[in-house]
Amino acid sequence: MNKKTIQDVDVKGKKVIVRVDFNVPLDQDGHITNDTRIKAALPTISYLREKGAIVILMSHLGRPKGQVKEELRLGIVADRLGQLIDCKVLYAKDCIGPEPEALISGMQPGDVLLLENLRFYPEEEKNDRDFARKLASLAELYVNDAFGTAHRAHASTAGIAEFLPAVAGLLMQSEIGIMGKALENPERPFVAILGGAKVSDKMAVIENLMNKVDTLIIGGGMANTFLAAQGKDMAKSLVETDKIDLARCLMKQAAEKGKAFLLPSDLVAAEAFADDAKHQVVAADQIPAGWMAMDIGPASIGSFGEVIKNAKTILWNGPMGVFEMPSFAKGTNEIARAVTEAQAVSIVGGGDSVAAVQNTGLAHKITHISTGGGATLEFLEGKELPGVAVLQDRSE
Ligand code: ADP
Ligand code: MG
């Protein structure tokens, strides 16, 4: 990775402002239902504390649309963080101005402060220069550890870097380091597995990965559009008819580049979009009239599994079927198992695929589980993320 990280700079005694992604899911009573994102920031927070920095954290939470929303205050996150690092986390009910300034003036090296929800100010998402300057004025060094929001050019992810030296946190480093290596210099064979509902979400990812991988495996709803492009009758399956030409074009490109492009040879088809619907395994061109593809079939699981087993780098994004319904979860679960069993660098991204891997109980065997949704996809599209672009290069 060519970006400077917190390990490349002296942080001792310095006030360090860190953009983290504490946008955690909350239930109706405002309780945190999953603290994975808080845990993902702990390596950076612990490192900075150990090195004697004064740690000032900032994040957004939910979509307050530029207004103060009581139910989206970050106090509850400060409390959870305090439990996780076993220390009192200070909490400022504003992210700029006198309140955080007063708290920071009393902080000692190793202390941690969490600022209020950045998106209470409309200036945050507008990447307002004056707002970015006010955030920057609280500290002497800026760290971006919020990979999940790095695809947005906001005041706390991009604008602030104009006013402070800017480096990557450890989560950011591992995200862009591991995925960057896979894209630039992978151990081969490099296999990408793409699934999920729609091709249109991931068209640009397919196009970019096509130049990097040895084999592309396509499953899930998006495979239907490719199968339709091969002339197969997909009956009532989810097909994006306006993307069929593009799908045909992508398959032609893959053939020209000598890349293997694998589609399911069999499917689990159902009479209706329901877990208890009548269903059966059929060849990919034998979906009964009025039925729909809901999962990949056993022959596809077998052939995809063979390729996955022999891979040295695996990138997986998107489930193989409607895995929320147990009747159609087998393809996704079996592919998750195959990925965890492979002797390869394995990377899984995307909310639903990550959930599927976590359900296997074997997630610890995955080399890297990406914390980003949209950011991961844009990274895989080959775009430079604004929140990464502003960080100092190693050579600087
Ligand atoms: P991720 O979150 O891993 O990036 P996506 O959000 O792109 O994945 O896609 C997940 C969704 O795709 C799931 O809700 C799943 O039900 C749906 N899906 C997968 N296969 C099919 C299919 N054959 N027909 C309809 N929907 C499907
Ligand atoms: Mg999803």
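How far from an oxygen atom of ligand 1 is an N or O atom in the side chain of Lys 202? The distance is 2.8 Å. The model is predicted: local features need pLDDT of at least 70, side-chain atom pairs count only at pLDDT 80 or more, and totals for chains, interfaces and linings use all residues. Residues are numbered from 1 along each chain as its sequence is written, chains are lettered from A and ligands numbered from 1 in the order in which they are written, and side-chain values use heavy atoms, with hydrogens and water left out.

**View 1. The surroundings of ligand 1.** Ligand 1 is surrounded by 18 residues, each with a heavy atom within 4 Å of the ligand. The closest are Ala 197, Lys 202, Glu 324, Asp 352 and Ser 353.

View 2. An oxygen atom of the ligand lies 3.3 Å from a backbone N or O atom of Gly 351. On its own, ligand 1 has 580 Å² of accessible area, of which the protein covers 83% (Shrake-Rupley method, 1.4 Å probe). Strand S12 (292–296) and helix H13 (351–359) are the elements that give two or more residues to the shell; H13 gives the most, with three. Helices (H or I, at least four residues) and strands (E, at least two) are DSSP runs, numbered from the N terminus.

**View 3. The largest nonpolar core.** This core has 74 residues, of which Ile 17, Leu 115, Ile 206, Ile 218 and Phe 226 touch the most other members. Domain 1 (6–171) and domain 2 (180–380) each supply at least three residues to this core; the bounds come from an automatic or database domain assignment. A nonpolar core is a set of buried Ala, Val, Leu, Ile, Met, Phe, Trp, Tyr and Cys residues joined through side-chain atoms within 4.5 Å. Another core, of 33 residues, lies apart from it and includes Val 11, Phe 22, Leu 42 and Leu 141.

**View 4. Ile 176 in helix H7 (residues 170–184).** Ile 176 counts as buried because its relative accessibility is 8%, buried being under 20% relative accessible area (1.4 Å probe, protein chains only). Beyond its neighbours within four places in sequence, Ile 176 is in contact with Met 1, Phe 147, Lys 181, Phe 379 and Val 388 (heavy atoms within 4.5 Å).

**View 5. Helix H2 (residues 42–50).** Buried residues in H2 are Leu 42, Thr 44, Ile 45, Tyr 47 and Leu 48.

Conventions:
Buried < 20%, exposed > 50% of the residue type's maximum accessible area, 1.4 Å probe, protein only. Polar contact = N/O pair within 3.5 Å; in protein donor to acceptor, adjacent residues only side chain to side chain.
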